[in-house]
Amino acid sequence: MTSKLDQLKTMTTVVADTGDIEAIAKWRPEDATTNPSLLLKAAASDAYRPMLDKAVAEARRHGGSDAEQLTMATDMLAVLAGREILNLIPGVVSTEVDARLSFDTAGTLERARRLVELYDKQGVDTSRVLIKIASTWEGIRAAEQLEKEGIHCNLTLLFSFIQAAACAQAGAFLISPFVGRILDWHLASTGRDSYPAAEDPGVLSVSRIYNYYKANGFKTVVMGASFRNTGEIEMLAGCDRLTISPTLLQELQDDLGDLPRRLVADTASSPDQFGTIDEKLFRWESNEDAMATEKLADGIRRFTADQIELENRVRQLAKAA
């Protein structure tokens with residue numbers, strides 16, 4: 001008998017949702033994805049201390065104001081972590097642009113290009129790097145331009161169908177719809193304690209997006225993210241990619257039950273149709289979706305808070321050095 005994790009790997013690319021080097025070495029996923037929250041947590045480990053030291057040293061050599069050096073140090077830390085992760089996996093790693101640039105297309109473009117340049121200077125094959133950007137209108141426009149430049153993007157903090165449709169029209173390489181955070185909102189708003197996995201609002205959202213993409217020939221990869229339980233993962237078996245925390249990876253590894261495929265590209269159908277999505281339509285549809293509006297804003301705030309906390313940690317290290 002094989003575990004549900006092994007069965008899942010036969011139909012879906014498994015991605016590790018962690019910045020923990022030791023966890024990635026243990027699970028050996030195809031790809032890995034990080035964000036400021038994961039990097040902040042990982043940076044407290046001994047494994048990251050040499051990277052922190054090097055990032056601070058590189059920022060000092062780069063020069064500029066204290067603020068510029070701090071920004072460079074945190075970008076450098078993300079790149080050094082990404083390089084270390086790529087040494088452990090065969091696929092790609094996602095590195096996130098500062099969430100404070102979520103409504104700044106030009107700023108996102110500048111930061112994304114710098115991250116790619118830093119990876120290149122570290123000897124990394126930049127085709128193995130995805131730049132992670134919030135799925136705002138401005139972020140999607142930045143991703144559209146970056147894709148034209150050959151820089152692949154992971155559009156994150158995605159909660160609504162209009163975000164997904166706009167990302168596909170923009171030619172984004174990959175999207176990360178947040179299953180668990182969608183569930184969180186519905187639980188809080190309805191007062192329910194739980195949903196059956198087949199009725200989980202996050203699962204239904206990703207299934208709808210997947211079927212729309214496949215039925216309409218969009219090449220954008222669908223990677224479900226932010227899972228709260230293995231039931232959500234099991235209901236999305238067959239999705240292009242799923243990014244899963246080490247805790248849930250362990251649960252899937254320990255479960256020897258049968259795992260049927262739920263999503264199949266060849267038989268996908270969708271009633272959804274969109275013409276060209278312009279800014280007016282995007283903002284209107286976004287405004288009509290209270291869950292997506294609230295969770296996007298909350299996600300940006302959370303990532304920003306963790307980015308600031310990470311900067312504080314780097315600042316303290318720089319002063320002590």
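The paragraphs below take up these topics in that order.

The model is a predicted one, and its secondary structure amounts to 14 helices and eight strands. Its radius of gyration of 19 Å is close to the 20 Å that the globule rule gives for 321 residues, so the protein is as compact as a globular protein of that length. The C-alpha trace spans about 55 × 50 × 40 Å along the principal axes, and 56% of the 321 residues are buried. Of the contacts with a separation of 6 or more, 68% are between residues 24 or more positions apart.

In soluble globular proteins, nonpolar side chains tend to be buried together. Here the largest nonpolar core has 90 residues, and those with the most contacts inside it are Leu8, Ile131, Leu155, Ile175, Tyr213, Leu236 and Ile244. Helix H5 supplies the largest share of this core, namely eleven residues. If neighbours within four places in sequence are set aside, Leu236 is in contact with Thr12, Val179, Val203, Val206, Ser207, Phe227, Leu242 and Leu263. Apart from this core lies another, of twelve residues, among them Ala99, Phe178, Ile300 and Phe303.

Helix H4, which covers residues 49-62, has 14 residues and reaches 20 Å from its first C-alpha to its last, close to the 20 Å expected at 1.5 Å a residue. Its buried residues are Met51, Leu52, Ala55, Val56 and Ala59; seen down the axis of H4, the buried residues fall within an arc of 135°, so they line one face of the helix. What covers them includes helix H2 (21-27), helix H5 (66-86) and helix H14 (290-320), whereas the face of H4 turned away from the buried side carries the exposed residues Pro50 and Arg61. Just after H4, Gly63 takes a positive phi of about 80°.

The cysteines remain to be considered. How many disulfides does a search of the whole structure find? The search finds zero, and for Cys167 the distances show why: its sulfur is 9.8 Å from the closest cysteine sulfur, in Cys153, which is too far for a bond, given that a disulfide requires sulfur atoms within 2.5 Å. Cys239 is likewise in no disulfide, as the nearest cysteine sulfur, that of Cys167, is 14 Å away. Are these residues buried or exposed? Cys167 is buried, with a relative accessible area of 0%, and Cys239 is also buried, with a relative accessible area of 0%.

Methods:
Residues numbered from 1 in each chain as written. Predicted model: local features only at pLDDT ≥ 70, side-chain atom pairs only at ≥ 80, totals over all residues. Heavy atoms only, no water. Helix = DSSP H or I, 4+ residues; strand = E, 2+ residues; numbered from the N terminus. Expected span 1.5 Å × (residues − 1). Buried < 20%, exposed > 50% of the residue type's maximum accessible area, 1.4 Å probe, protein only. Arc of directions from axis to C-beta. Contact = heavy atoms within 4.5 Å. Core = buried A, V, L, I, M, F, W, Y, C linked by side-chain atoms within 4.5 Å. Rg over C-alpha atoms; globule rule 2.2 N^0.38 Å.
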